[in-house]
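Please keep the sequence and the structure in view while reading.

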Amino acid sequence: MSSVPRWAVLAAACAAVVAAAGGCSSDSSKTTDAKKPASSTPPGGSSSPGGASSGGPSGSPSGGSSGAPAGKPSGTPPSGTPSGTPPSGSPAPADGSIPAGPGPQPSYTVQKQPAAGSCHYRFTPAKEPLPDPACTPGATNPKVTQATLKTTICRGGYTAGIRPPTNITSREKTANAASYGYTGSLREAEYDHLISLQLGGDPNDARNLWVEPPSPGHKEGKGPNNPKDVVETKLKNAICNGKTELVKAQRAIVRDWTTALDAVGVTDKGAKGETASDPDDNA
């Protein structure tokens with residue numbers, strides 16, 4: 001029987017196993033890690049082909065791509081892009097339709113006018129004044145339609161109940177004169193509804209109001225003498241008598257008040273000297 005102690009035998013066996021397996025002591029992990037190659041991944045990023053980190057090449061945003069294509073707009077319209085709500089003073093739509101205004105109000109406030117000098121009068125061959133369509137394209141009263149004629153413009157007293165007060169329109173008139181570069185006496189000019197109230201025009205939309213200079217033959221100190229008012233009365237009577245349609249008359253007066261009667265087939269006989277039933281001068 002061998003005299004070698006049991007513990008010596010066990011120690012020898014363990015030494016043999018260590019030599020074969022690379023170690024079995026509690027420090028073997030240190031030995032193994034020391035033999036591993038250094039990692040090629042930089043701290044704080046995962047590896048990617050070519051050795052680039054997820055942070056991307058130099059100059060790219062940290063944290064990786066957001067998934068949006070390069071150069072994609074942020075969603076904010078460029079400076080100067082229209083907001084979608086036409087400002088007061090914007091022109092009528094290209095299809096010939098007339099924009100609708102807010103309609104009659106319980107109380108009126110002074111409306112902002114186009115910038116000074118931004119509007120330009122036009123004149124007919126007979127030197128009658130016409131507004132700038134870019135500044136004054138007209139605006140309708142949404143309460144007045146072909147179906148509501150009997151309760152609106154064809155009812156006596158309707159326009160008096162929706163007319164803005166002069167303490168509002170007088171201030172607008174002064175500002176609008178600057179818009180058009182009008183330098184004459186405001187007493188001799190009319191602050192005119194392009195589509196008059198009796199034709200279903202909006203009472204206080206800046207797109208429907210302009211300082212109308214006196215017509216040819218005006219006598220200084222006599223106030224406005226605009227024959228447009230008589231044309232408006234004739235058109236209103238034609239509408240209420242069923243001789244023309246509301247929208248047709250509105251478009252005709254917007255295009256050129258001097259040809260509006262012919263445009264809707266209403267005779268102009270008797271227009272000279274005829275008195276307007278609803279003078280449109282506001283201030």
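## Overall organisation

Read from the N terminus, the elements of the chain follow the order α-α-β-β-α-α-β-β-α-α-α. The chain thus has seven helices and four strands; helices (H or I, at least four residues) and strands (E, at least two) are DSSP runs, numbered from the N terminus.

The model is predicted: local features need pLDDT of at least 70, side-chain atom pairs count only at pLDDT 80 or more, and totals for chains, interfaces and linings use all residues. Residues are numbered from 1 along each chain as its sequence is written, and side-chain values use heavy atoms, with hydrogens and water left out.

## Surface and contacts

The chain exposes about 16600 Å², of which carbon and sulfur atoms supply 57%. Accessible areas come from the Shrake-Rupley method with a 1.4 Å probe, and for residues only the protein chains shown count as cover. Of the 283 residues, 35% count as buried. Here buried means under 20% relative accessible area, exposed over 50%, and partly exposed in between (1.4 Å probe, protein chains only).

Among contacts between residues at least 6 apart in sequence, 73% join residues at least 24 apart, where contact means heavy atoms within 4.5 Å.

## Disulfides

A search of the whole structure finds two disulfides, each being a pair of cysteine sulfur atoms within 2.5 Å. With bonded cysteines counted along the chain, their pattern is 1-2, 3-4.

C119 lies in the loop between α2 (28-35) and β1 (122-123), and C135 in the loop between β2 (129-130) and α3 (158-162), so the pair ties together parts that are 16 residues apart in sequence. C119 is buried at a relative accessible area of 2%, and C135 is buried at 7%.

Another disulfide joins C154 to C240, with an S to S distance of 2.0 Å. The link of C154 and C240 is left-handed, with -95 degrees about the S-S bond. This pair links distant parts of the chain, 86 residues apart: C154 is in the loop between β2 and α3, and C240 is in helix α5 (residues 228-240). C154 is partly exposed at 27% relative accessibility, and C240 is partly exposed at 31%.

## Nonpolar cores

The largest nonpolar core has 25 residues, and I153, V231, L235, I239 and I253 touch the most other members. A nonpolar core is a set of buried Ala, Val, Leu, Ile, Met, Phe, Trp, Tyr and Cys residues joined through side-chain atoms within 4.5 Å. Helices α3, α5, α6 (246-255) and α7 (260-263) each supply at least two residues of this core. Apart from it lies another core of 12 residues, among them C119, A177, L209 and W210.

Leaving aside neighbours within four places in sequence, V231 is in contact with I253, W257, A260 and L261. In α6, the residues L246, A249, Q250, A252 and I253 are buried. Seen down the axis of α6, its buried residues fall within an arc of 165 degrees (the arc of the directions from the helix axis to the C-beta atoms), so they line one face of the helix. The cover over the buried residues of α6 includes α5 and α7.

## Paired strands

Strand β3 (residues 190-193) and β4 pair in the antiparallel sense over four bridges; two strands pair if DSSP finds at least two bridges between them. The bridge partner of D192 in β4 is W210. From strand β4 (residues 209-212), L209 and V211 point one way and W210 and E212 the other way, and all are buried.

## Two individual residues

I162 lies in helix α3 and is buried, with a relative accessible area of 8%. Leaving aside neighbours within four places in sequence, I162 is in contact with P104, Y108, N141, L197 and P203. The C-alpha atoms of I162 and N204 are separated by 9.5 Å, although these residues are 42 apart along the chain.

K127 is placed in the loop between β1 and β2. K127 is exposed, with a relative accessible area of 56%, and has a positive phi of about 70 degrees although it is not a glycine.
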